[in-house]
Amino acid sequence: PKGVPGMKGSSTRLKLFYEEKKAIQLFLWLFYIFFISFELIYYYIYPYYGNGVITRPNQGLGFWIYIINFGLLPLAIYLIKKGNPYIIKYLYIYSFLLWDTIHNFLLYYGKDESFAAGDIVEVVFILFSPIFVNKKYFWTVSLGMVLKYVFFGVILLDLEVLVPLFIYIILSAIAFVILNRFESYIESVNKAHEELRRKEKLAVIGQMAAAIGHEIRNPLSSLKGFTQLQHENYPNTNDFYPIMIQEIDRINSIVNDLMTLGKPKIVQFSKVGIEEIIDYTLSLTKHLAERQGITTETIMERPSPPLDCDPKQLKQLFINLIKNAIESMPNGGKITITVKVEGNKMNISIQDEGGGISDEDFLNIGEPFFTTKKEGTGLGLMVSNQIIKDHFGEFYINGFEKGTLVKVMLPINQK
Ligand code: ADP
Ligand code: MG
């Protein structure tokens with residue numbers, strides 16, 4: 001149960017598709033505006049005033065250049081319509097590299113004429129490469145241009161290529177900086193958005209949970225009371241009462257988890273020794289651990305400094321974490337709890353020897369209701385995270401194949 005991943009994926013894809021479409025449209029406009037203006041000015045207007053430059057049709061590939069470049073346009077429009085705008089940018093850069101190479105080859109190879117560099121569209125390609133926010137495309141353009149000039153330099157043995165080479169390396173560096181800014185900006189916007197989404201989800205779930213929890217609590221407690229009463233009245237009738245009571249307790253603990261999420265918690269800080277909290281937690285989880293052949297070891301310096309915390313909540317936190325550790329080792333193993341004091345921080349880590357957490361699950365843990373267990377609620381880590389946040393602490397989980405390491409860092413003194 002992970003929400004509706006399919007829908008999430010497709011709406012993201014749709015948004016990215018529109019962004020790519022906008023970017024490629026911008027690129028096409030820029031490309032043709034610069035291309036046409038440059039052609040007009042450099043090959044038609046400029047020569048017209050008698051500067052001795054040969055016009056385009058008589059050079060190299062001549063008119064073929066127009067046929068290629070304007071032939072690409074309907075193809076690009078077709079690809080956009082067909083829903084595949086992603087390859088258009090590559091189509092343009094590769095076709096440019098190809099025709100420009102052939103063109104220059106025809107112009108300069110085996111001739112005395114000195115190499116004259118560059119078309120304005122090269123600058124358009126490089127400077128606007130960041131608009132696609134795509135590293136692979138950026139490197140294709142930059143390396144493509146640079147290698148092209150290196151290639152000409154070697155083939156034509158002409159040092160003139162050094163000028164465009166130098167300029168394009170600098171332009172590429174500028175484009176690279178811009179691209180990186182784009183990427184990191186987008187990443188932080190995404191993170192902020194993700195956090196907002198989580199918070200909204202939490203708020204809704206919280207309200208719902210509190211309401212439902214409240215409604216369930218009262219009938220549940222009378223159910224438990226009557227079951228206990230019945231058990232006392234007829235102690236020898238059957239064996240089901242203890243199971244019934246145990247299951248009612250389970251429902252109760254789920255309801256409690258739900259209620260924890262719902263209310264804005266008022267944390268009641270007091271100074272308590274961490275050993276007391278951990279010992280209490282272990283005494284509660286002892287029977288579970290023993291049943292599965294699990295041993296626990298606690299490594300800490302005693303006495304440790306008293307911790308500013310809400311002991312009730314911290315007990316809940318460690319019960320959640322230790323229960324997870326126990327549940328990860330159905331065939332036995334060892335849980336090591338280590339407490340270390342570093343400055344104003346108390347680091348408590350819980351290491352188990354279970355199956356760890358797969359990469360895929362890792363992305364989802366802590367999401368409400370995400371569980372890999374048949375009987376799980378998927379609320380434990382979320383509640384834990386909330387408790388740690390209320391204590392202004394930090395929470396880390398590392399899941400490897402040989403076990404999971406959960407780390408909780410809490411400030412010893414709250415300000
Ligand atoms: P639940 O325990 O009800 O499944 P939690 O929020 O406590 O919910 O945990 C969510 C999921 O995170 C678990 O289902 C499990 O897949 C994973 N997980 C948490 N702790 C551990 C651990 N110590 N070892 C392996 N997996 C863990
Ligand atoms: Mg759990």
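Biologist: At what distance from an oxygen atom of ligand 1 does a polar side-chain atom of Thr372 lie?

Modeller: A polar contact is a pair of N or O atoms within 3.5 Å, and here the polar side-chain atom of Thr372 is 2.4 Å from the ligand oxygen. The model is predicted, with local features needing pLDDT of at least 70 and side-chain atom pairs pLDDT 80 or more, while totals for chains, interfaces and linings use all residues. Residues are numbered from 1 along each chain as written, chains are lettered from A and ligands numbered from 1 in written order, and side-chain values use heavy atoms, leaving out hydrogens and water.

Biologist: Which element gives the most residues to the shell around ligand 1?

Modeller: Helices (H or I, at least four residues) and strands (E, at least two) are DSSP runs numbered from the N terminus; α9 gives the most, with three residues. A residue counts as near when one of its heavy atoms lies within 4 Å, and of the 19 around ligand 1, Asp352, Thr371, Thr372, Lys373 and Leu381 come nearest.

Biologist: In what order do the strands of the sheet stand?

Modeller: Strands of a sheet pair through backbone hydrogen bonds, either parallel or antiparallel, and pairing here requires at least two DSSP bridges. The five strands form an open, mixed sheet in the order β2-β4-β5-β7-β6. Since β2 (294–299) and β6 (394–400) stand at the edges with a single partner strand each, one side of each is left without a neighbour in the sheet. β2 pairs with β4 (residues 333–342) in the parallel sense over six bridges, and Glu297 has Thr336 in β4 as its bridge partner.

Technical notes. A polar contact is a pair of N or O atoms within 3.5 Å; within protein, one must be able to donate a hydrogen and the other to accept it, and residues adjacent in sequence count only if both atoms are side-chain atoms.
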